[in-house]
Amino acid sequence: MVRTYGMDNKTSGSFNINGDTMKYFLIYSVAYFGDTLMTNSLCLNLKKIYPNCYIVYIVNKNFYDVAINLEGVNEVWIYDKHGEHKGLNGIFSFIKKYKGK
């Protein structure tokens, strides 16, 4: 399952840099390798529609090498659901690590 989060019309986020509005997207895909591969077209289409957008991808640590090489992805955050980020404490540590980025 792949989820995309944002704020503009509940599907994308935006913020101003030097008077220009920049869109940003958070893509969450930590379940399966195929989901990571399939989101390449999502990233490409987001970049076509919003050429200056910033895409952050949350991915299972095993799929990091693939995610970092997806076209259009600006930043990849690793979510280790079977290790470091396992359980409720792990979720909180993940949020703490990336909060404010």
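The model is predicted: local features need pLDDT of at least 70, side-chain atom pairs count only at pLDDT 80 or more, and totals for chains, interfaces and linings use all residues. Residues are numbered from 1 along each chain as its sequence is written, and side-chain values use heavy atoms, with hydrogens and water left out.

**Aromatic pairs**
- The structure holds 4 aromatic pairs (ring centres of Phe, Tyr or the six-membered ring of Trp within 6.5 Å; planes under 30 degrees apart are stacked, over 60 edge-to-face, the rest tilted).
- Phe25 and Tyr50 form a tilted pair, at 5.6 Å centre to centre and 40 degrees between the planes.
- Phe25 lies in strand E3 (residues 20–29) and Tyr50 in the loop between helix H1 (33–49) and strand E4 (54–60), so the pair ties together parts 25 residues apart in sequence.
- Helices (H or I, at least four residues) and strands (E, at least two) are DSSP runs, numbered from the N terminus.
- Phe25 is buried at 3% relative accessible area, while Tyr50 is partly exposed at 28% (buried is under 20%, exposed over 50%, partly exposed in between; 1.4 Å probe, protein chains only).
- One aromatic cluster is formed by Tyr28, Tyr79 and Phe94.

**Strand E4**
- In E4, 6 of the 7 residues are buried.
- E4 runs parallel to strand E5 (residues 75–79), joined by 5 bridges (strands pair if DSSP finds at least two bridges between them).
- Tyr57 has Val76 as its bridge partner in E5.

**Helix H3**
- Leu88 lies in helix H3 (residues 87–98).
- Leu88 counts as exposed because its relative accessibility is 58%.
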